[in-house]
Amino acid sequence: MQRRTLLRASGAGLVGLGLGACSARPEAVPDLPLRPALRLPPVKASPDRVIRTTVGLRPHRPSGFVLRAARLDNTTVIHNYGHGGAGLSLSWGCGLMATRMALSHGSRRAAVIGCGAVGLAAARQLQRHGFSVTIYAKAVPPDTTSNMAWAGFTPGSWVVEHTERTAAWDARFREATEISWREYQWLAGRGYGVSWIDRYSLTDVPPRPRMPRRPARGPEPLLPERLTPGRFVLGPGEHNFPTRFAVRRSGIRIEPAIYLDAVVADFLKFGGRIRIRRFTERREITALPESLVVNCTGLGAKELFGDEELMPIKGQLTVLVPQPEIHYGTSISSPEAPPGVTGISMQPREDGIILGTVGLHDDATLEPNEAARDHILAGLQALFEAMH
(Lines give C-alpha, C1' and ligand atoms only; values in the text may rest on other atoms or scores of the structure.)
Protein backbone atom coordinates (compact mmCIF):
# COMPACT_ATOMS: atom_id res chain seq x y z
CA MET A 1 0.00 0.00 0.00
CA GLN A 2 1.33 3.46 -0.89
CA ARG A 3 1.49 5.96 1.92
CA ARG A 4 -0.34 8.53 -0.21
CA THR A 5 -3.26 6.11 -0.64
CA LEU A 6 -3.45 5.37 3.06
CA LEU A 7 -3.39 8.99 4.14
CA ARG A 8 -6.06 10.08 1.68
CA ALA A 9 -8.60 9.86 4.48
CA SER A 10 -11.93 11.62 4.09
CA GLY A 11 -13.47 12.66 7.37
CA ALA A 12 -12.14 9.66 9.31
CA GLY A 13 -14.22 9.06 12.46
CA LEU A 14 -13.37 7.08 15.54
CA VAL A 15 -14.03 3.54 14.32
CA GLY A 16 -16.92 1.72 16.10
CA LEU A 17 -18.41 4.69 17.93
CA GLY A 18 -20.78 5.66 15.20
CA LEU A 19 -19.94 9.35 15.64
CA GLY A 20 -19.56 11.74 12.74
CA ALA A 21 -18.16 15.19 12.38
CA CYS A 22 -15.89 17.03 14.75
CA SER A 23 -15.77 20.63 15.80
CA ALA A 24 -13.47 23.06 14.10
CA ARG A 25 -10.40 24.16 16.03
CA PRO A 26 -11.15 27.28 18.06
CA GLU A 27 -9.25 30.41 17.05
CA ALA A 28 -6.14 31.14 19.09
CA VAL A 29 -6.32 33.87 21.71
CA PRO A 30 -3.81 36.54 20.56
CA ASP A 31 -2.28 37.27 23.95
CA LEU A 32 -1.60 33.61 24.84
CA PRO A 33 1.37 31.55 23.66
CA LEU A 34 0.73 28.91 21.00
CA ARG A 35 0.06 25.39 22.22
CA PRO A 36 3.16 23.21 22.24
CA ALA A 37 3.26 20.66 19.44
CA LEU A 38 2.15 17.18 20.48
CA ARG A 39 4.92 14.61 20.05
CA LEU A 40 3.77 11.02 20.54
CA PRO A 41 6.00 7.93 20.22
CA PRO A 42 5.26 5.79 17.14
CA VAL A 43 4.07 2.20 17.26
CA LYS A 44 6.47 -0.40 15.90
CA ALA A 45 4.02 -2.00 13.47
CA SER A 46 6.30 -4.30 11.48
CA PRO A 47 5.13 -7.85 10.63
CA ASP A 48 7.89 -9.44 12.71
CA ARG A 49 6.28 -7.98 15.88
CA VAL A 50 2.93 -9.77 15.38
CA ILE A 51 2.33 -12.22 18.25
CA ARG A 52 -1.19 -13.45 17.41
CA THR A 53 -4.35 -12.90 15.39
CA THR A 54 -7.68 -13.69 17.06
CA VAL A 55 -11.19 -14.07 15.67
CA GLY A 56 -14.52 -13.57 17.44
CA LEU A 57 -18.13 -13.61 16.21
CA ARG A 58 -20.39 -10.73 17.20
CA PRO A 59 -24.08 -11.69 17.73
CA HIS A 60 -25.81 -9.12 15.52
CA ARG A 61 -29.52 -8.53 14.95
CA PRO A 62 -30.47 -5.89 12.34
CA SER A 63 -33.35 -4.72 14.58
CA GLY A 64 -31.11 -4.50 17.66
CA PHE A 65 -30.61 -6.48 20.84
CA VAL A 66 -33.39 -8.38 22.62
CA LEU A 67 -34.31 -7.49 26.20
CA ARG A 68 -37.67 -8.96 27.20
CA ALA A 69 -39.32 -11.57 29.44
CA ALA A 70 -41.15 -14.67 28.20
CA ARG A 71 -42.70 -17.82 29.63
CA LEU A 72 -41.35 -21.27 28.84
CA ASP A 73 -43.64 -23.78 30.55
CA ASN A 74 -43.26 -22.93 34.24
CA THR A 75 -40.00 -21.04 33.74
CA THR A 76 -39.63 -17.29 33.27
CA VAL A 77 -36.93 -16.55 30.71
CA ILE A 78 -35.55 -13.02 30.42
CA HIS A 79 -33.80 -12.66 27.08
CA ASN A 80 -30.69 -10.46 27.01
CA TYR A 81 -28.72 -11.07 23.81
CA GLY A 82 -27.92 -9.84 20.31
CA HIS A 83 -25.76 -6.83 21.19
CA GLY A 84 -23.57 -7.00 18.09
CA GLY A 85 -20.19 -5.41 18.78
CA ALA A 86 -21.50 -3.56 21.85
CA GLY A 87 -21.83 -6.42 24.34
CA LEU A 88 -19.16 -5.15 26.71
CA SER A 89 -20.35 -1.58 26.35
CA LEU A 90 -24.03 -2.29 27.09
CA SER A 91 -23.64 -5.22 29.48
CA TRP A 92 -24.12 -3.41 32.80
CA GLY A 93 -27.10 -1.41 31.59
CA CYS A 94 -28.87 -4.38 30.02
CA GLY A 95 -28.00 -6.45 33.09
CA LEU A 96 -29.70 -3.96 35.39
CA MET A 97 -32.73 -3.67 33.13
CA ALA A 98 -33.04 -7.48 33.03
CA THR A 99 -32.76 -7.51 36.83
CA ARG A 100 -35.63 -5.03 37.12
CA MET A 101 -37.75 -7.47 35.12
CA ALA A 102 -36.65 -10.31 37.39
CA LEU A 103 -37.76 -8.47 40.54
CA SER A 104 -41.41 -9.19 39.70
CA HIS A 105 -40.71 -12.93 39.90
CA GLY A 106 -41.49 -14.63 43.20
CA SER A 107 -38.21 -16.55 43.49
CA ARG A 108 -34.84 -15.05 44.38
CA ARG A 109 -32.92 -17.94 42.80
CA ALA A 110 -31.80 -17.19 39.28
CA ALA A 111 -29.88 -18.95 36.53
CA VAL A 112 -27.85 -17.04 33.96
CA ILE A 113 -26.92 -18.83 30.75
CA GLY A 114 -23.62 -17.54 29.42
CA CYS A 115 -20.38 -16.42 31.05
CA GLY A 116 -19.21 -13.70 28.69
CA ALA A 117 -19.40 -10.00 29.46
CA VAL A 118 -23.21 -9.85 29.12
CA GLY A 119 -23.84 -12.89 31.32
CA LEU A 120 -21.38 -11.83 34.01
CA ALA A 121 -22.77 -8.30 34.27
CA ALA A 122 -26.34 -9.65 34.46
CA ALA A 123 -25.29 -12.08 37.19
CA ARG A 124 -23.64 -9.33 39.23
CA GLN A 125 -26.64 -7.02 38.89
CA LEU A 126 -28.90 -9.83 40.09
CA GLN A 127 -26.62 -10.42 43.08
CA ARG A 128 -26.71 -6.73 43.95
CA HIS A 129 -30.49 -7.02 44.19
CA GLY A 130 -30.54 -10.02 46.50
CA PHE A 131 -30.64 -12.96 44.07
CA SER A 132 -28.76 -16.21 44.54
CA VAL A 133 -27.26 -16.84 41.11
CA THR A 134 -25.83 -19.81 39.23
CA ILE A 135 -24.16 -19.32 35.86
CA TYR A 136 -24.45 -22.16 33.35
CA ALA A 137 -22.05 -21.86 30.43
CA LYS A 138 -20.25 -23.98 27.88
CA ALA A 139 -17.11 -21.83 28.29
CA VAL A 140 -15.70 -19.39 30.83
CA PRO A 141 -12.95 -16.75 30.52
CA PRO A 142 -10.48 -16.80 28.87
CA ASP A 143 -12.36 -18.95 26.35
CA THR A 144 -15.36 -16.67 25.67
CA THR A 145 -16.08 -14.46 22.67
CA SER A 146 -15.77 -11.46 25.01
CA ASN A 147 -12.08 -12.27 25.44
CA MET A 148 -11.65 -11.59 21.70
CA ALA A 149 -13.22 -8.11 21.82
CA TRP A 150 -11.62 -4.80 20.87
CA ALA A 151 -13.07 -3.65 24.19
CA GLY A 152 -13.48 0.06 24.19
CA PHE A 153 -16.66 1.75 25.36
CA THR A 154 -18.30 1.69 21.90
CA PRO A 155 -22.04 1.19 22.46
CA GLY A 156 -22.91 2.08 18.86
CA SER A 157 -20.74 -0.66 17.34
CA TRP A 158 -22.77 -2.89 14.97
CA VAL A 159 -25.71 -2.75 17.37
CA VAL A 160 -28.64 -1.95 15.03
CA GLU A 161 -29.32 -1.15 11.38
CA HIS A 162 -30.44 2.47 10.97
CA THR A 163 -33.45 1.43 8.90
CA GLU A 164 -34.65 -0.87 11.71
CA ARG A 165 -34.61 1.65 14.57
CA THR A 166 -37.76 2.48 16.52
CA ALA A 167 -38.34 5.14 19.16
CA ALA A 168 -38.93 2.48 21.84
CA TRP A 169 -35.71 0.66 20.99
CA ASP A 170 -33.73 3.90 20.92
CA ALA A 171 -34.97 4.79 24.41
CA ARG A 172 -33.97 1.38 25.73
CA PHE A 173 -30.57 1.63 24.09
CA ARG A 174 -29.88 5.05 25.58
CA GLU A 175 -30.92 3.90 29.04
CA ALA A 176 -28.61 0.88 28.85
CA THR A 177 -25.79 3.11 27.58
CA GLU A 178 -26.16 5.62 30.41
CA ILE A 179 -26.12 2.89 33.10
CA SER A 180 -23.07 1.18 31.61
CA TRP A 181 -21.26 4.49 31.07
CA ARG A 182 -21.54 5.29 34.77
CA GLU A 183 -20.54 1.75 35.82
CA TYR A 184 -17.31 1.82 33.85
CA GLN A 185 -16.42 5.18 35.32
CA TRP A 186 -16.72 3.59 38.78
CA LEU A 187 -14.55 0.63 37.74
CA ALA A 188 -11.74 2.72 36.22
CA GLY A 189 -8.46 2.51 38.12
CA ARG A 190 -9.67 -0.14 40.57
CA GLY A 191 -7.96 -3.26 39.23
CA TYR A 192 -10.62 -4.15 36.65
CA GLY A 193 -8.55 -3.32 33.58
CA VAL A 194 -10.70 -0.25 32.89
CA SER A 195 -8.95 3.03 32.13
CA TRP A 196 -9.20 6.28 30.18
CA ILE A 197 -7.24 6.78 26.99
CA ASP A 198 -6.94 9.50 24.34
CA ARG A 199 -7.76 8.42 20.80
CA TYR A 200 -6.84 10.33 17.65
CA SER A 201 -8.87 10.25 14.43
CA LEU A 202 -6.51 11.18 11.61
CA THR A 203 -7.48 12.99 8.41
CA ASP A 204 -6.21 15.43 5.78
CA VAL A 205 -9.69 16.92 5.39
CA PRO A 206 -10.58 19.84 7.69
CA PRO A 207 -13.04 18.51 10.28
CA ARG A 208 -16.56 19.74 9.77
CA PRO A 209 -18.36 21.84 12.40
CA ARG A 210 -20.23 20.02 15.16
CA MET A 211 -23.53 18.51 14.16
CA PRO A 212 -26.57 20.17 15.75
CA ARG A 213 -28.02 18.46 18.78
CA ARG A 214 -30.87 17.16 16.61
CA PRO A 215 -30.36 16.91 12.85
CA ALA A 216 -32.77 18.78 10.63
CA ARG A 217 -33.73 15.49 8.99
CA GLY A 218 -33.47 11.87 9.94
CA PRO A 219 -33.42 10.17 13.35
CA GLU A 220 -31.73 11.63 16.39
CA PRO A 221 -28.14 10.37 16.82
CA LEU A 222 -27.97 7.30 19.03
CA LEU A 223 -25.08 8.60 21.12
CA PRO A 224 -24.77 12.01 22.79
CA GLU A 225 -21.53 13.87 22.18
CA ARG A 226 -20.75 13.96 25.91
CA LEU A 227 -19.87 10.24 25.73
CA THR A 228 -16.66 11.32 24.00
CA PRO A 229 -15.41 14.08 26.31
CA GLY A 230 -12.27 16.08 25.73
CA ARG A 231 -12.74 16.34 21.99
CA PHE A 232 -10.28 18.72 20.37
CA VAL A 233 -8.89 19.31 16.89
CA LEU A 234 -5.13 19.56 16.40
CA GLY A 235 -4.13 21.26 13.18
CA PRO A 236 -0.97 21.29 11.04
CA GLY A 237 2.16 21.73 13.15
CA GLU A 238 0.41 20.83 16.41
CA HIS A 239 1.05 17.07 16.26
CA ASN A 240 3.52 14.64 14.71
CA PHE A 241 1.12 12.44 12.75
CA PRO A 242 1.59 12.48 8.94
CA THR A 243 -1.93 13.86 8.39
CA ARG A 244 -2.96 17.52 8.50
CA PHE A 245 -5.44 17.06 11.34
CA ALA A 246 -5.70 14.85 14.42
CA VAL A 247 -9.03 14.87 16.26
CA ARG A 248 -8.50 13.90 19.89
CA ARG A 249 -11.22 12.31 22.01
CA SER A 250 -11.04 10.72 25.44
CA GLY A 251 -12.62 7.31 25.86
CA ILE A 252 -12.81 4.29 28.11
CA ARG A 253 -10.64 1.27 27.36
CA ILE A 254 -11.42 -2.19 28.74
CA GLU A 255 -8.77 -4.93 28.88
CA PRO A 256 -10.78 -8.18 28.56
CA ALA A 257 -8.27 -10.55 30.17
CA ILE A 258 -8.12 -8.42 33.33
CA TYR A 259 -11.73 -7.27 33.35
CA LEU A 260 -13.47 -10.62 32.86
CA ASP A 261 -11.34 -12.39 35.49
CA ALA A 262 -12.05 -9.59 37.97
CA VAL A 263 -15.82 -9.79 37.43
CA VAL A 264 -15.73 -13.60 37.76
CA ALA A 265 -13.86 -13.17 41.06
CA ASP A 266 -16.51 -10.71 42.30
CA PHE A 267 -19.30 -13.09 41.28
CA LEU A 268 -17.74 -15.98 43.19
CA LYS A 269 -16.94 -13.79 46.20
CA PHE A 270 -20.60 -12.92 46.56
CA GLY A 271 -21.70 -16.54 46.59
CA GLY A 272 -22.17 -17.18 42.88
CA ARG A 273 -21.74 -20.63 41.35
CA ILE A 274 -20.56 -21.61 37.88
CA ARG A 275 -21.58 -24.87 36.18
CA ILE A 276 -20.03 -25.90 32.86
CA ARG A 277 -22.89 -27.01 30.66
CA ARG A 278 -24.02 -26.76 27.04
CA PHE A 279 -27.76 -26.51 26.29
CA THR A 280 -29.10 -27.95 23.05
CA GLU A 281 -32.86 -27.98 23.75
CA ARG A 282 -35.24 -25.64 25.54
CA ARG A 283 -36.57 -28.45 27.70
CA GLU A 284 -33.14 -28.65 29.32
CA ILE A 285 -33.70 -25.09 30.52
CA THR A 286 -37.12 -25.84 32.01
CA ALA A 287 -35.53 -28.78 33.86
CA LEU A 288 -33.16 -26.48 35.77
CA PRO A 289 -33.80 -26.09 39.52
CA GLU A 290 -34.19 -22.32 38.98
CA SER A 291 -37.55 -21.14 37.63
CA LEU A 292 -36.03 -17.78 36.65
CA VAL A 293 -33.49 -17.80 33.82
CA VAL A 294 -31.64 -14.92 32.14
CA ASN A 295 -30.66 -15.91 28.63
CA CYS A 296 -27.29 -14.36 27.68
CA THR A 297 -26.30 -16.92 25.04
CA GLY A 298 -25.48 -14.46 22.24
CA LEU A 299 -25.35 -16.31 18.93
CA GLY A 300 -26.45 -19.47 20.75
CA ALA A 301 -29.98 -18.03 20.95
CA LYS A 302 -30.44 -18.70 17.24
CA GLU A 303 -30.37 -22.47 17.72
CA LEU A 304 -31.68 -22.62 21.27
CA PHE A 305 -34.61 -20.21 20.90
CA GLY A 306 -35.10 -20.11 17.15
CA ASP A 307 -34.10 -16.48 16.59
CA GLU A 308 -33.49 -16.48 12.86
CA GLU A 309 -32.63 -12.78 12.82
CA LEU A 310 -29.33 -13.42 14.57
CA MET A 311 -26.28 -13.34 12.35
CA PRO A 312 -22.55 -13.40 13.04
CA ILE A 313 -20.34 -10.43 12.27
CA LYS A 314 -16.79 -11.70 12.18
CA GLY A 315 -14.31 -9.61 14.10
CA GLN A 316 -10.56 -9.99 13.96
CA LEU A 317 -7.68 -8.50 15.92
CA THR A 318 -3.98 -8.60 15.17
CA VAL A 319 -1.77 -8.13 18.22
CA LEU A 320 1.75 -6.71 18.33
CA VAL A 321 4.37 -6.97 21.07
CA PRO A 322 3.44 -4.53 23.87
CA GLN A 323 5.06 -1.09 24.00
CA PRO A 324 4.77 0.43 27.48
CA GLU A 325 5.39 3.93 26.12
CA ILE A 326 2.24 3.88 23.93
CA HIS A 327 -0.66 5.49 25.82
CA TYR A 328 -2.90 6.59 22.95
CA GLY A 329 -5.06 5.07 20.22
CA THR A 330 -5.51 5.98 16.55
CA SER A 331 -7.94 5.45 13.70
CA ILE A 332 -7.84 6.40 10.04
CA SER A 333 -10.05 5.53 7.09
CA SER A 334 -8.77 3.52 4.14
CA PRO A 335 -10.70 4.06 0.90
CA GLU A 336 -9.12 1.04 -0.80
CA ALA A 337 -9.67 -1.46 2.01
CA PRO A 338 -10.66 -5.05 1.18
CA PRO A 339 -14.18 -6.22 2.04
CA GLY A 340 -14.87 -6.30 5.77
CA VAL A 341 -12.23 -3.76 6.80
CA THR A 342 -14.16 -0.85 8.29
CA GLY A 343 -11.14 1.25 9.19
CA ILE A 344 -7.57 1.01 10.40
CA SER A 345 -7.28 1.36 14.17
CA MET A 346 -4.79 0.85 16.98
CA GLN A 347 -5.30 0.56 20.73
CA PRO A 348 -2.62 -0.32 23.32
CA ARG A 349 -3.24 -2.81 26.10
CA GLU A 350 -1.04 -4.59 28.61
CA ASP A 351 -1.21 -7.80 26.59
CA GLY A 352 -0.20 -6.12 23.33
CA ILE A 353 -0.88 -3.43 20.74
CA ILE A 354 -4.31 -4.26 19.28
CA LEU A 355 -4.94 -3.63 15.57
CA GLY A 356 -8.34 -3.64 13.80
CA THR A 357 -11.06 -3.17 12.65
CA VAL A 358 -12.83 -5.99 10.79
CA GLY A 359 -16.58 -6.53 10.39
CA LEU A 360 -17.49 -9.35 7.99
CA HIS A 361 -21.28 -9.79 7.99
CA ASP A 362 -22.78 -13.27 8.12
CA ASP A 363 -19.35 -14.92 8.25
CA ALA A 364 -19.10 -17.63 10.91
CA THR A 365 -15.63 -18.87 10.00
CA LEU A 366 -13.01 -18.71 12.74
CA GLU A 367 -9.95 -18.65 10.51
CA PRO A 368 -8.18 -15.27 10.23
CA ASN A 369 -8.86 -13.28 7.07
CA GLU A 370 -5.36 -12.78 5.72
CA ALA A 371 -6.24 -9.98 3.31
CA ALA A 372 -7.81 -7.94 6.11
CA ARG A 373 -4.92 -8.61 8.46
CA ASP A 374 -2.25 -7.68 5.92
CA HIS A 375 -4.06 -4.50 4.85
CA ILE A 376 -4.46 -3.22 8.40
CA LEU A 377 -0.89 -4.07 9.35
CA ALA A 378 0.57 -2.45 6.22
CA GLY A 379 -1.56 0.64 6.70
CA LEU A 380 -0.49 1.15 10.28
CA GLN A 381 3.14 0.44 9.49
CA ALA A 382 3.04 3.17 6.79
CA LEU A 383 1.30 5.55 9.17
CA PHE A 384 3.72 5.21 12.06
CA GLU A 385 6.86 5.11 9.95
CA ALA A 386 5.78 8.50 8.55
CA MET A 387 5.51 10.09 12.01
CA HIS A 388 8.12 12.79 12.54
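Figure 1. Let us start with tryptophan 181, which is buried at a relative accessible area of 8%; buried means under 20% relative accessible area, exposed over 50%, and partly exposed in between, with a 1.4 Å probe and protein chains only. The model shown here is predicted, so local features need pLDDT of at least 70 and side-chain atom pairs count only at pLDDT 80 or more, while totals for chains, interfaces and linings use all residues. Residues are numbered from 1 along each chain as its sequence is written, and side-chain values use heavy atoms, with hydrogens and water left out. Phenylalanine 153 is buried too, at 5% relative accessibility. Rings of Phe, Tyr and Trp (its six-membered ring) pair if their centres lie within 6.5 Å; planes under 30 degrees apart count as stacked, over 60 as edge-to-face and the rest as tilted. This rule gives 10 aromatic pairs. In the pair of phenylalanine 153 and tryptophan 181, the ring centres are 5.2 Å apart and the planes meet at 40°, so the pair is tilted. Because phenylalanine 153 lies in the loop between β5 and α4 and tryptophan 181 in helix α4, the pair ties together parts that are 28 residues apart in sequence. Helices (H or I, at least four residues) and strands (E, at least two) are DSSP runs, numbered from the N terminus. Both rings belong to one aromatic cluster, formed by Phe153, Trp181, Tyr184, Trp196 and Tyr259.

Figure 2. Tyrosine 200 and tyrosine 328 are both buried. Their ring centres lie 6.2 Å apart with the planes at 75°, so this pair is edge-to-face. Tyrosine 200 sits in strand β6 (residues 194–203) and tyrosine 328 in strand β12 (residues 328–332), so the pair ties together parts that are 128 residues apart in sequence.

**Figure 3. The loop between β5 and α4.** Several backbone details can be found in this view. Most residues other than glycine have a negative phi, and most peptide bonds are trans. Proline 142, in the loop between β5 (132–137) and α4 (167–187), is joined to proline 141 by a cis peptide bond with omega near 15°. Alanine 151 lies in that loop and has a positive phi of about 70° although it is not a glycine. At 5% relative accessibility, alanine 151 counts as buried. Tryptophan 158, also in the loop between β5 and α4, has a positive phi near 50°.

Figure 4. Glycine 356 and threonine 357 are joined by a cis peptide bond, with omega about 20°. Threonine 357 lies in strand β14 (residues 352–358).

**Figure 5. An open sheet of 6 strands.** The strand order is β2-β3-β10-β4-β5-β9, with mixed pairing; two strands pair if DSSP finds at least two bridges between them. At the edges are β2 (66–72) and β9 (273–276), each pairing on one side only. From one strand to the next, the twist averages 20°. Strand β4 (residues 109–113) and β5 run parallel and are joined by 5 bridges; among the partners, arginine 109 bridges to serine 132 in β5. Helix α2 lies across β2, β3 and β10 (292–295), running at about 30° to β2. Axes are lines fitted to C-alpha atoms, for helices over the stretch in contact, and angles run from 0 to 180 degrees between N-to-C directions.

**Figure 6. Glycine 82 and its surroundings.** Glycine 82 is placed in the loop between β3 (75–81) and α2 (87–102). At 1% relative accessibility, glycine 82 counts as buried. Leaving aside neighbours within four places in sequence, glycine 82 is in contact with Pro59, Arg61, Gly64, Phe65 and Leu310, where contact means heavy atoms within 4.5 Å. The C-alpha atoms of glycine 82 and glycine 64, 18 residues apart along the chain, are separated by 6.8 Å.

Figure 7. How many disulfides does a search of the whole structure find? The search finds 0, a disulfide being a pair of cysteine sulfur atoms within 2.5 Å. The sulfur of cysteine 94 is 9.2 Å from the closest cysteine sulfur, in cysteine 296, which is too far for a bond. Cysteine 94 counts as buried, at 0% relative accessibility, and cysteine 296 counts as buried at 9%.
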